[in-house]
Amino acid sequence: MRDKDVDVAREAARDVLRAVREQSAYANLLLPRLLRERRITGRDAAFATELTYGSARAQGLLDAVIASAAGRGIDEIDGDVLDVLRLGAYQLLRTRTSPHAAVSTSVDLVRSESGMGPAGFVNAVLRKISQRDEGLWIDQLAPPMAEDMIGNLAFRYAHPRWIAEVFFAALGGSAGQLQAALAADDERPPVHLVARPGMITAEELALTSGGDVGRFSPYCVYLPGGDPGGIDAVRDGFAGVQDEGSQLVARAVTVADVDQDGGRWLDMCAGPGGKAALMGSIADIDGARIDALEVSGHRAELIRKITGDLPVDVRVADARDSGLEPGYDRILLDAPCSGLGSLRRRPEARWRRTPGDVAELVVLQTELLTEALRLVKPGGVVVYSTCSPHPAETVEVVDAVVAVVPGARQLDARPLVTVGELTGPLLGAGPHVQLWPHLHGTDAMFLAAVTRDGQ
């Protein structure tokens with residue numbers, strides 16, 4: 001029987017953090033399911049969401065504060081107790097929860113499972129944390145700005161240093177841009193909906209959902225709050241949840257100039273299916289048909305479910321060796337990547353990724369883009385995209401492949417996303433396009449357009 005003194009929202013948040021730590025679970029997938037199963041709704045659901053995602057996102061900063069207050073390293077604290085300390089510290093430093101409530105509810109959580117001894121430890125640590133606000137803790141624990149600007153900003157905005165260094169390089173070495181990017185990445189992102197063309201317009205979706213039409217994608221609606229799963233258009237498959245940057249990438253494939261489009265399109269790495277569904281909706285209007293490749297059988301079923309009656313043929317295959325015949329008019333290669341561009345939507349991911357992950361992915365990305373250029377017809381287009389601003393995964397992959405594939409050349413991708421308010425200086429110097437949360441309000445999506453000349 002559950003302890004009557006334990007708050008349901010905090011208990012749910014604790015259980016998700018535990019699953020993230022012990023089982024490498026994804027908070028954004030587990031939490032909604034747990035809330036449904038436990039029938040946690042309304043303000044409790046909103047609070048559980050804030051605690052879970054906020055604590056996971058700020059983990060590095062919280063751990064430094066906890067270690068200082070506890071006088072011992074994080075690895076010396078029991079994992080179950082640490083989960084609760086992170087929740088309590090987050091409430092004290094980054095919410096309006098009263099210090100008394102943050103401390104007492106955390107003590108209750110630990111006491112209900114581990115007894116009085118660990119509960120007393122939690123009480124002492126959180127009371128010490130409550131003596132300073134976040135700014136004072138940062139001043140005490142962060143590297144001095146004058147001596148280590150990147151380290152200071154990385155700590156202040158709860159990012160591993162190596163990721164801040166990647167952002168700094170991708171932003172041209174601008175300290176101001178880095179601070180803005182890290183600050184935007186440290187905030188809870190808005191929900192973006194996609195109105196699937198031929199089914200519902202963005203204006204209709206905005207009207208029925210209570211949202212606002214997006215700035216850039218003609219299919220985007222910004223949802224101010226609430227559960228998107230409760231919107232009729234989403235339940236009926238007329239709309240979905242998709243970041244505006246991802247919408248722009250999928251649309252770019254469909255609007256690129258190609259020589260005599262025969263309506264044979266390819267989505268090389270299609271899971272979990274959001275881009276395939278948007279491209280499929282446009283293909284249905286244009287009389288085209290899409291082959292969608294996915295190496296995972298489970299994810300392939302998700303694509304089949306989301307694409308429904310659209311002209312999308314889902315195939316389970318490794319895109320590097322699919323057995324498909326060349327001659328595609330349009331190819332989307334949304335390559336597997338580090339996901340550094342969507343850290344705000346995957347709060348725990350920043351603490352899981354390592355620089356070594358990127359090196360392995362670059363090999364895969366290079367192989368996939370090389371195969372895409374083999375499959376595209378001369379005069380067709382390959383749109384290469386990643387949800388990452390890491391130069392090694394973006395411009396360096398494209399430049400390396402174009403340099404060795406006969407007839408390959410990069411196109412200017414900026415016209416492919418010149419839509420709505422997304423024009424001019426917002427698109428950079430080209431020929432590729434790099435989106436950013438702090439500049440565009442999207443995930444940090446990268447896209448480049450490549451074609452192949454010759455017969």
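An open sheet of 4 strands runs in the order β2-β3-β1-β4, with antiparallel pairing; two strands count as paired if DSSP finds at least two bridges between them. β2 (212-213) and β4 (239-241) stand at the edges with a single partner strand each, so one side of each has no neighbour in the sheet. This is a predicted model, in which local features need pLDDT of at least 70 and side-chain atom pairs count only at pLDDT 80 or more, while totals for chains, interfaces and linings use all residues. Residues are numbered from 1 along each chain as its sequence is written, and side-chain values use heavy atoms, with hydrogens and water left out.

**Sheet and domain**

- Helices (H or I, at least four residues) and strands (E, at least two) are DSSP runs, numbered from the N terminus.
- Inside the sheet, strand β1 (residues 191-195) and strand β3 (residues 220-223) pair in the antiparallel sense over 4 bridges.
- Across from H192 you'll find Y222 in β3.
- UniProt, in an unreviewed entry, puts the feature "domain: SAM-dependent MTase RsmB/NOP-type" at residues 167-453. UniProt positions follow the numbering used here, feature names are shortened, and annotations may be inferred rather than shown by experiment.
- Over residues 167-453 the chain is 34% helix and 21% strand, with the end C-alpha atoms 34 Å apart.

**Cysteines**

- The disulfide count is 0, taking a disulfide as a pair of cysteine sulfur atoms within 2.5 Å.
- For C337, the closest cysteine sulfur is the one in C387, and at 5.7 Å that is too far for a bond.
- Buried here means under 20% relative accessible area, exposed means over 50%, and partly exposed is in between (1.4 Å probe, protein chains only).
- C220 counts as buried because its relative accessibility is 0%, and C337 counts as buried at 14%.

**Salt bridges**

- The count comes to 38 salt bridges, each being a side-chain nitrogen of Lys or Arg within 4 Å of a carboxyl oxygen of Asp or Glu.
- D80 bridges to R18, with the closest N and O atoms 3.2 Å apart. D80 belongs to helix α5 (residues 79-94) and R18 to helix α1 (residues 8-23), so the pair ties together parts that are 62 residues apart in sequence.
- D80 is partly exposed at 24% relative accessibility, whereas R18 is buried at 15%.
- R161 and E165 form a salt bridge with their closest N and O atoms 2.9 Å apart. They sit 4 residues apart in helix α10 (residues 161-170), which means about one helical turn separates them.
- R161 is partly exposed, at 37% relative accessible area, and E165 is partly exposed at 36%.
- D334 pairs up with K275, the closest N and O atoms being 3.0 Å apart. D334 is in strand β8 (residues 328-334) and K275 in helix α15 (residues 274-286), so this bridge ties together parts that are 59 residues apart in sequence.
- Both D334 and K275 are buried.
- Elsewhere, salt bridges with shared partners join E11, R14, D15, R18, R21, E22, R38, D80, D83 and E113 into one network.

**Aromatic pairs**

- There are 2 aromatic pairs. Rings of Phe, Tyr and Trp (its six-membered ring) pair if their centres lie within 6.5 Å; planes under 30 degrees apart count as stacked, over 60 as edge-to-face and the rest as tilted.
- F167 and W436 have ring centres 5.5 Å apart and planes at 80°, so they are edge-to-face. This pair links distant parts of the chain, with F167 in helix α10 and W436 in the loop between β11 (433-434) and α19 (437-440), 269 residues apart.
- F167 and W436 are both buried.
- Y384 and F446 have ring centres 6.4 Å apart and planes at 70°, so this pair is edge-to-face. Y384 lies in strand β9 (residues 376-386) and F446 in strand β12 (residues 446-452), so the contact ties together parts that are 62 residues apart in sequence.
- Y384 is buried, and so is F446.

**Charges over rings**

- A charge sits over a ring if NZ of Lys or CZ of Arg is within 6 Å of the ring centre and within 35 degrees of the ring normal.
- R264 lies over the face of Y328, 3.8 Å from the ring centre.
- The charged end of R132 sits over the ring of W137, at 4.8 Å from its centre.
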